[in-house]
Amino acid sequence: MEITARDNELGGVISGPHEWEVPGAFAVAEGVHRIPLPLPGDRLRGVNVYAIADGAGLTLVDSGWALAEARSRLEAALALIDHELGDVCRFLVTHVHRDHYTLALTVRRLFGSRVLLGAGEQESLDFVMTRDDRAASVYSRLLERCGAGPVIERMRRDDWPERGPSADWEKPDEWLTGATDIELPGRILRVVPTPGHTQGHVVFADAGHGLLFAGDHVLPHITPSIGFEAARPPLPLGDYLASLRLVRSMPDMRLLPAHGPVTGSAHARIDELMAHHDRRLDACVAVIRQGATTAYEAARLLTWTRRERAFDDLDPFNQMMAVMETAAHLDVLVSQRRLRSGADGKVTIYQA
């Protein structure tokens with residue numbers, strides 16, 4: 001695999017919808033390089049890992065998926081900045097999803113790098129490490145609450161998302177909590193808990209250099225999934241919106257996302273995300289008034305993705321995510337007293 005790109009993004013944004021996925025090591029600030037790594041499948045094409053100078057070694061924000069291709073790509077990119085995997089002192093992981101966390105565990109086994117993860121991820125990580133049943137049983141119960149029997153049947157006919165072998169998962173060396181500062185040569189990273197996408201998601205704010213290592217909390221082109229986790233909190237969307245407001249209250253910084261190009265203003269994108277969810281909440285009220293009574297029925301009346309696709313045109317996995325995200329919006333509307341909810345057996349029923 002030939003990787004030669006060693007350009008920089010110091011002056012702005014890489015143009016084009018997919019140019020951020022080009023392999024290489026890209027300077028985004030003094031002592032900071034963005035390294036895109038591949039992902040399997042076609043839902044997300046890549047994930048950004050950020051290499052930060054740490055004395056003679058490196059600190060990496062996120063790690064990528066524990067895939068042979070991702071590891072090779074990371075090794076080649078590090079070579080472009082005169083480093084190797086053994087130089088990675090630690091990984092600062094924004095959240096527990098495998099495309100951010102698992103390659104760090106592989107590198108730790110080989111070289112002893114330290115892995116740090118948000119404390120709010122303990123429940124989710126315990127689940128994937130200790131449960132001996134398939135993820136299907138958990139998501140089936142969540143979908144049942146949403147009245148999504150047809151999606152359950154479609155998923156059973158196809159393949160449920162597997163939990164993966166427990167050997168892929170290990171605990172971090174350190175749990176990160178709020179108000180924690182991580183000192184690196186010439187910079188301080190503030191750990192900011194931002195629950196929503198996952199319960200334990202954190203971002204790393206380098207206020208001194210105006211950089212926000214945002215993970216999946218703020219993404220430039222897409223909205224992160226909400227409510228799609230087995231250890232689901234009561235109001236994941238409420239948590240997410242509160243986290244957006246928290247980061248919006250901080251000084252504006254350049255947005256260094258996990259998926260997509262670096263952009264100039266985190267605030268600008270947060271404003272767009274807040275407006276998007278306001279519109280989505282209004283749309284959910286509208287479909288309930290049209291007669292939908294469950295999250296599944298509401299999801300079928302909404303459109304999905306930037307292309308405004310019909311629910312029935314989505315594959316089973318994305319239908320499952322759509323139903324769970326709809327439920328997250330409906331539950332926030334109940335908390336705001338814009339809707340009422342009750343139960344019909346195991347199914348949650350919503351009314352205007």
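# Exercises on a predicted model

Strands β10 and β11 run antiparallel and are joined by 3 bridges. Helices (H or I, at least four residues) and strands (E, at least two) are DSSP runs, numbered from the N terminus. The model is predicted, so local features need pLDDT of at least 70 and side-chain atom pairs count only at pLDDT 80 or more, while totals for chains, interfaces and linings use all residues. Residues are numbered from 1 along each chain as its sequence is written, and side-chain values use heavy atoms, with hydrogens and water left out.

## Exercise 1: the sheet

Task: work out which strands form the open sheet, and in what order.

Solution. 
- Step 1. Two strands pair if DSSP finds at least two bridges between them.
- Step 2. Start with β8 and β9. They run antiparallel, with 5 bridges between them. Asp181 has Arg190 in β9 as its bridge partner. The β8–β9 hairpin has 2 residues between the strands, and Gly186 there takes a positive phi near 80°.
- Step 3. Go on to β10. Strand β9 (residues 187–193) is joined to β10 by 4 bridges, again antiparallel. Val192 has Val203 in β10 as its bridge partner.
- Step 4. Phe204 pairs with Phe213 in β11, and Asp206 with Leu211. This hairpin of β10 and β11 has 4 residues between the strands, and Gly210 in the turn has a positive phi of about 65°.
- Step 5. Read the whole sheet. Its 5 strands follow the order β8-β9-β10-β11-β12, with mixed pairing. The edges are β8 (180–184) and β12 (254–257), each pairing on one side only. Neighbouring strands are turned by 25° against each other on average, direction ignored.

## Exercise 2: the two faces of β10

Task: decide which residues of β10 point one way and which the other.

Solution. 
- Step 1. In a regular strand the side chains alternate between the two faces of the sheet.
- Step 2. Assign the residues. Val202, Phe204 and Asp206 point one way from β10, and Val203 and Ala205 point the other way.
- Step 3. Check burial. Buried means under 20% relative accessible area, exposed over 50%, and partly exposed in between (1.4 Å probe, protein chains only). In β10, 5 of its 5 residues are buried.

## Exercise 3: helix against helix

Task: describe how α7 and α9 pack.

Solution. 
- Step 1. Two packed helices are described by the angle between their axes and the distance between the axes. Axes are lines fitted to C-alpha atoms, for helices over the stretch in contact, and angles run from 0 to 180 degrees between N-to-C directions.
- Step 2. Take the values. Helix α7 (residues 266–289) meets helix α9 (residues 316–335) at about 85°, with the axes 10 Å apart. Therefore α7 is roughly perpendicular to α9. The cut-offs are under 35 degrees for roughly parallel, over 145 for roughly antiparallel, 65 to 115 for roughly perpendicular, and oblique for the rest.
- Step 3. List the contacts (heavy atoms within 4.5 Å). On α7 they include His277, Arg280 and Leu281, and on α9 Glu325, Thr326 and His329.
- Step 4. Sort the contact residues: 7 nonpolar, 3 polar and 2 charged. Here Ala, Val, Leu, Ile, Met, Phe, Trp, Tyr, Cys and Pro count as nonpolar, Asp, Glu, Lys and Arg as charged, and the others, Gly among them, as polar.

## Exercise 4: a strand residue

Task: is Glu174 buried or partly exposed?

Solution. 
- Step 1. Glu174 sits in strand β7 (residues 174–176).
- Step 2. Its relative accessible area is 32%, so Glu174 is partly exposed.
- Step 3. Glu174 touches Arg114, Val115, Leu116 and Leu117, leaving out residues up to four places away in sequence. Glu174 and Leu116 lie 58 residues apart along the chain, with 4.9 Å between their C-alpha atoms.
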